[in-house]
Amino acid sequence: MSNYRPPVSDLAFVLEHVVGYPDVARLPGFEHADLATVVELLEQCGDFMANVVAPTNQPGDVEGARRQPDGSVTTPASFKPAYRQYVDAGWGSVPFPEEFDGGGFPWSVGLAIQEMLASSNMAFALCPLLTQGAIDALLHHGDQAQKLRYLPKMISGEWTGTMNLTEPQAGSDVGALTTRAVPRADGTYAITGQKIYITYGEHDMADQIVHLVLARTPNAPAGTKGISCFIVPKFLVNDDGSLGEHNGVNCLSIEHKLGIHGAPTCVLSYEDATGYLIGEENLGMRIMFVMMNSARLSVGTQGLAIGERAYQQALDFAQERRQGLAIGATGVNSAIIDHPDVRRMLLTQKAYLAALRRLMLFNAVHMDRSTHDPDETGRARANEIVGLLTPICKSFGTDLGVELTSLALQVYGGMGYIEETGASQHYRDVRITPIYEGTNGIQAADLVGRKLGIRDGASVTEFLSTMREVEAELADAGDEFDSIRLELGRQFDTLETATQWMLRTGRADPNAVLSGSTPYLRMWGLCTGGWLLARSALAARGIDDAELAETQLVLARFYAEQLLPQSGGLFGAATAGSRDLFALDAAALSDSARLRQNAPLN
Amino acid sequence: MKIVVLVKQVPDTWGARRLNLDTGWLDRGGSEAVIDEIDERALEAALAYQDSNDAEVVALTMGPDSAKDMLRKSLAMGADSAVHILDSRLAGADLAWTARVIAAALTKLGYDLVIAGNESTDGRGGVLPALVAEHLGVPLASYLDSVAITADSIAGERSTELGTMSVRAPLPAVISVTERTAEARFPNFKGILRAKKKPVTVWSLDDLGADAAASPVRSVVLATSERPARSAGTQIVDDGTAGVELAEFLAARHLI
Ligand SMILES: Cc1cc2nc3c(=O)[nH]c(=O)nc-3n(C[C@H](O)[C@H](O)[C@H](O)COP(=O)(O)OP(=O)(O)OC[C@H]3O[C@@H](n4cnc5c(N)ncnc54)[C@H](O)[C@@H]3O)c2cc1C
């Protein structure tokens, strides 16, 4: 049986009271997506995920995906029927345009669904996630014929999608890719090359796979400026929409890896495969940028999602496992949840997870504004906020995913290290999330290199001031909000100082800024999380629900007093510059230098 | 064909279930109210037929105001419309009265086939479909493990202690299904949205006529008491005589 409890009540609270979803529902185009409808959808969706998808998680990990001798790939036995039900239930279509048979709901609603899907089974969830990326790219840059041919079936989930960027020599540096695309007389292109690490590049859950492939046309400029994006369907599509012959793409092997065993990670070989250009030649990176924000937000949400599932299981375990006698308890022994250090671990998970859920949805709501606000300045500002928050959501979400699943595992003691409990699976599964969709190092570079400089720093400064408005509200809210206000104020000060340092230093010494980028991004994550938890505590007072108000207050206070102060501690690392990072050369970093010195003279 | 499915709101099986000691009724605040799983299967039987045949499916319930959420779920799963019998006079109605009221509603509504779960997970009476069929004067095929519906008949299999019985009846008829019938589908996302626009008719006792309002039989709760706490069990230590002791223990309770 599945033990996943979908956090629908928290999602509903956050949407309604913390991130301003009711304003999104008032935007033109979203009239049908009122809060009550959305909450009902999330309830039914949570029920589906918990009962259909969540039970496939552990068996899928044990069984894993397998490549067959004929080059086909089978996913774990439970995946195919669950995917069939997922398609029938239509959950993948919710946030896409009605024009292509989607539900026309806001992205924020789609993201809430993604959280529950990824909690239920992340290896499974990757298939719809990659499809979503491909849909996004086609929606914005495909021509009408391409859209009509591919989108309805991809949106329903009958066909799945992939994203083909990575090659052996082209990982973080996408511009180094060498896959070739040669124009043919009929307007199509012949695609030849090898892609690696392609998620769901081959599988048995759908009849058709629509590969989006980045490749280079002859004489294209070097680097990212010379990349084009192609649709390469696994089976060529006949004019009547039926599937024709197998295209020249094959799965050479699948990887053996730390986690997400159910999700095939493929080496794909393209040999003279027929490709259809999306948009124009050399626009590939532009197209990737369009889908990047949403894909990165989704991956940040995976960190939250797996953290949530691991936490729920750890919480159950902490109430069952009895060891030692807690202070003041009577009897033979206590449930471990009664020991202060176990409480610390549980509350730390709960508070961080609450902060992450708020941060992800806050970003998603701004994505909706950036596309649907009738006012152009409103759209532009929302877009800036999305740009600023996306690297933070991706890195903070996934780094915490790793840390929190580790903490959940720790709650189990020895049992956490034993596969049977499932705790270690979460820890293994989540570990990919800081790596793919732009490593967290690349995210930090994006934050300091691209996002801070927007409007000469005015964009980020305005956002900081917006956050600081919460201090006055906290001051008016009464004594029990004092410690939250004081700590937030202190940390905002430090973050502002670090930001000014970054803005000042950036132009003259980019290496110094890059050196501090990761700790600096973490400061942002910690501060935005504390800010949104404070807003939750304030909002919860206004609702007639004493239990909710108490929970939100405790979470905000615990976070402000016990977790947030780490932010200030990172100030030194964020602003230290590059001196010590480069003070030792590679030889000094290894033992060889010392060995040479100590070598006896003979 | 018009298929009416009887659905009931029950406390979630996984939640705590308590009686209200003052009224002797179920404490509905005790856990989340959901559509009875067995009724979802009854609905599935109707929807499966509707998938490939021309049929109208109506979900019918008698229950408090909160039962409308469950009707919404029935509509989201695919029922075309719903009927809600809602009347404060019906609070605490027993099986006999409930059957009378439902039969009156079915007569008013019209039907070719009535499908119910074999027994509700809260009351566990298991006789309501039979009572309804009796009131309506139509055949009853109860406790079906499988259901085959045609335009003018139903057939199915029922497990008995000794084997399997094949039963069939012409329509109109009442049937009840067991947990062995197909698992219910999950509501589809667009179905949930469509459900908001589907009609839900609310009928009070007055809408159903005098016969339904006045039941000649009525159960009355005379007294209720808390379930006694479990007493410590008897431990038998095997010193060679455990077998005899065990037999005596069971015999004393007339268990053997
Ligand atoms: C399970 C899995 C699934 C994947 N799915 C897909 C997929 O579906 N499609 C796809 O195209 N790719 C996919 N990838 C590839 C993934 O996106 C890349 O692994 C990732 O982009 C990193 O590239 P790399 O592995 O070459 O590492 P490298 O780029 O070699 O990075 C190594 C280290 O150097 C750091 N680094 C590199 N460049 C810089 C820089 N400029 N500044 C600072 N630090 C830097 C990185 O942060 C990292 O720590 C997948 C990978 C895995 C493991």
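Where in chain A does UniProt place the feature "domain: Acyl-CoA dehydrogenase/oxidase N-terminal"? The UniProt record, an unreviewed entry, puts that feature at residues 42-158 of chain A. The model shown here is predicted.

**Annotated spans of chain A**

- Residues 42-158 of chain A are 66% helix and 3% strand.
- Residues 284-447 of chain A are 77% helix and 0% strand. The end C-alpha atoms of this span are 22 Å apart.

**A:Q313 in helix α9**

- A:Q313 sits in helix α9 of chain A, which covers residues 284-320.
- Why does A:Q313 count as buried? A residue needs 20 or more other C-beta atoms within 10 Å to be called buried, and A:Q313 is buried because it has 21.
- Setting aside neighbours within four places in sequence, A:Q313 is in contact with A:N3, A:A408, A:G422 and A:A423.
- A:P22 is 291 residues from A:Q313 in sequence. Their C-alpha atoms are 32 Å apart in space.

**Strands of chain A**

- Strand β3 of chain A (residues 159-164) is mostly covered, with six of its six residues buried.
- A:W159, A:G161 and A:M163 point one way from β3(A). A:T160, A:T162 and A:N164 point the other way.
- β3(A) runs parallel to strand β6 of chain A (residues 208-215), and six bridges join the two. In this pairing, A:W159 stands opposite A:Q208.
- Strands β8 (residues 235-237) and β9 (residues 243-246) of chain A run antiparallel and are joined by two bridges. A:V237 of chain A stands opposite A:L243 in β9(A).
- β8(A) and β9(A) make a hairpin with five residues between them. In the turn, A:G241 has a positive phi of about 90°.

**Ligand shell**

- The ligand is surrounded by 19 residues. The closest are A:L165, A:G171, A:S172, A:T439 and A:G441.
- β3, β5 (189-199) and α14 (440-451) of chain A each give at least two residues to this shell.
- By class, the shell holds 10 nonpolar, eight polar and one charged residues.

- The buried residues of α14(A) are A:N440, A:Q443, A:A444, A:A445, A:D446, A:L447 and A:V448.
- These buried residues of α14(A) pack against α11 (376-411), α16, α17 (510-515) and α18 of chain A.
- Helix α19 of chain A has 18 residues (546-563). At 1.5 Å a residue it should span 26 Å, and its end C-alpha atoms are 25 Å apart, so the two values agree.
- In α19(A), the buried residues are A:Q552, A:L553, A:L555, A:A556, A:R557, A:Y559 and A:A560. The buried residues of α19(A) pack against α10 (340-372), α16 (482-508) and α18 (517-541) of chain A.

**Chain B**

- Chain B has eight helices and 12 strands. Its C-alpha atoms fill a box of roughly 70 × 45 × 40 Å along the principal axes.
- Of its 256 residues, 37% count as buried.
- Among contacts in chain B with a separation of 6 or more, 68% join residues 24 or more positions apart.
- Strand β11 of chain B (residues 173-177) is largely enclosed by the rest of the structure, because five of its five residues are buried.
- B:A173, B:I175 and B:V177 point one way from β11(B), and B:V174 and B:S176 point the other way.
- Strand β6 of chain B (residues 113-117) runs parallel to β11(B) and is joined to it by five bridges. B:V114 has B:V174 as its bridge partner.
- Strand β7 of chain B (residues 140-144) also runs parallel to β11(B), with three bridges. Here B:L144 is partnered by B:V177.

**Where chain B touches chain A**

- Seven residues of chain B are in contact with 13 residues of chain A.
- Helix α5 of chain B (residues 189-195) supplies the largest share of chain B's side, three residues.
- That side of chain B divides into five nonpolar, one polar and one charged residues.

Technical notes:
Residues are numbered from 1 along each chain as its sequence is written. Chains are lettered from A and ligands numbered from 1 in the order in which they are written. This is a predicted model: local features need pLDDT of at least 70, side-chain atom pairs count only at pLDDT 80 or more; totals for chains, interfaces and linings use all residues. A residue is buried if 20 or more other C-beta atoms lie within 10 Å of its own, exposed if 12 or fewer, and partly exposed in between; C-beta atoms are placed from the backbone. Helices (H or I, at least four residues) and strands (E, at least two) are DSSP runs, numbered from the N terminus. Two strands pair if DSSP finds at least two bridges between them. The expected span of a helix is 1.5 Å times one less than its number of residues. Two residues are in contact if their C-beta atoms, placed from the backbone, lie within 7 Å. UniProt positions are given in the numbering used here, feature names are shortened, and annotations may be inferred rather than shown by experiment. A residue is near a molecule or strand if its C-beta atom, placed from the backbone, lies within 6 Å of it. Ala, Val, Leu, Ile, Met, Phe, Trp, Tyr, Cys and Pro count as nonpolar, Asp, Glu, Lys and Arg as charged, and the others, Gly among them, as polar.
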